[in-house]
Amino acid sequence: MIEIQGLKKKFGKFYAVDDINITLENGIYGLLGPNGAGKTTLLRVLTGLYKANAGNITMDNQYSNKDKEYYKTIGYLPQKFELFKELSVYDAMEYFCSIKSVDKKAVDKEIRDCIAKVNLTEKINSKVGKLSGGMLRRLGIAQSLINNPKILIFDEPTTGLDPEERLRFKSIVNTISRDRVIIISTHIVDDIEAVCDKVLVMSKGKILCNLTCEELKACANDKIYELDKINESHKMISCSEKEGKIIYRVASKEKLDALSVAPKLEDGYICMLNDI
């Protein structure tokens with residue numbers, strides 16, 4: 001469990017994280033929000049990469065962000081994961097094991113177990129600089145799993161992964177989700193719906209909601225329509241072609257002279273974000 005109280009982070013006079021108060025029980029949370037909402041800043045404050053201007057973070061009523069022990073409980077995959085290109089995959093993982101204080105006798109097994117989980121065993125002796133973008137992303141996921149962290153934070157974890165590897169990531173998360181807090185920040189709504197217990201929607205430095213996927217979908221009940229013509233009063237969500245026609249999926253707070261359709265998770269997110 002993570003308890004966040006009065007958390008603030010500002011750059012100059014701008015608050016990227018603005019007085020967040022929330023409790024996250026063990027489970028998988030999806031973090032959604034537009035560019036500039038403060039998602040990455042929040043994750044960096046949680047991991048200690050940024051120092052908060054105000055507020056407290058407490059984990060399991062034991063450690064706070066004022067304690068070194070708190071940071072030992074976190075596994076983190078940043079949005080941009082880069083390493084020394086001349087290192088081998090094994091050496092890179094060994095480096096992270098040293099940072100995370102893995103017992104020397106357990107290092108080899110820890111490396112091989114984490115590498116196997118992300119399907120990189122065949123590349124364990126390859127140079128990091130020779131890995132494809134998707135493989136490098138998998139290595140980033142592997143290092144975040146070292147030492148069985150109680151808090152796992154992933155920033156855009158499936159970027160650059162092919163469909164098969166995206167499924168593998170979802171499987172990994174489902175397998176390790178017991179007895180820990182996992183936060184996944186992504187723009188891929190389908191990934192959140194597939195693995196997350198709850199969804200956090202963030203905008204302008206604030207958390208707007210902490211809801212289950214079904215609860216967030218329900219925010220769009222009777223507000224979603226499919227039309228072949230739209231005007232400025234409609235909030236367009238997506239468009240597709242059906243029977244040779246372009247069909248627009250729109251959200252509207254006002255009832256339209258059209259048949260409403262069952263909402264998707266993305267619809268609920270758009271309605272929450274735009275107060276529809």
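The model is predicted; local features need pLDDT of at least 70, side-chain atom pairs count only at pLDDT 80 or more, and totals for chains, interfaces and linings use all residues. Residues are numbered from 1 along each chain as its sequence is written, and side-chain values use heavy atoms, without hydrogens and water.

Six strands form an open sheet in the order 6-7-8-3-9-10, with mixed pairing. Strands (E, at least two residues) and helices (H or I, at least four) are DSSP runs, numbered from the N terminus. Two strands count as paired if DSSP finds at least two bridges between them. Strand 6 (74-77) and strand 10 (206-212) are the edges, each pairing on one side only. From one strand to the next, the twist averages 15 degrees. Strand 6 and strand 7 (residues 151-155) run parallel and are joined by four bridges. Within strand 7, F154 stands opposite L77.

Helices pack on this sheet. Helix 6 (residues 163-176) touches strand 3, strand 7 and strand 8, and its direction makes about 155 degrees with that of strand 8. Helix 1 (residues 39-47) lies across strand 3 (27-32), strand 6, strand 7, strand 8 (181-185), strand 9 (198-203) and strand 10. Helix 1 runs at about 150 degrees to strand 7. Axes are lines fitted to C-alpha atoms, for helices over the stretch in contact; angles run from 0 to 180 degrees between N-to-C directions. Contact means heavy atoms within 4.5 Å.

Helix 5 (residues 133-144) is largely enclosed by the rest of the structure, because 10 of its 12 residues are buried. Buried means under 20% relative accessible area (1.4 Å probe, protein chains only). Among the buried residues are M135, R137, R138, L139 and I141. Their cover includes strand 6, helix 3 (89-99), helix 4 (107-117), strand 7 and helix 6.

The loop between strand 7 and helix 6 holds E156. E156 is buried yet has no salt bridge, defined as a side-chain nitrogen of Lys or Arg within 4 Å of a carboxyl oxygen of Asp or Glu. The nearest side chain of opposite charge, K39, is 5.9 Å away. Lys and Arg count as positive, Asp and Glu as negative; His and the chain ends are not counted. Leaving aside neighbours within four places in sequence, E156 contacts Q79, R137, S185, T186 and H187.

M1 lies in the segment before strand 1 (2-11). The C-alpha atoms of M1 and T58 are separated by 8.1 Å, although the residues are 57 apart along the chain.

Key: Buried means under 20% relative accessible area, exposed over 50%, partly exposed in between (1.4 Å probe, protein chains only).
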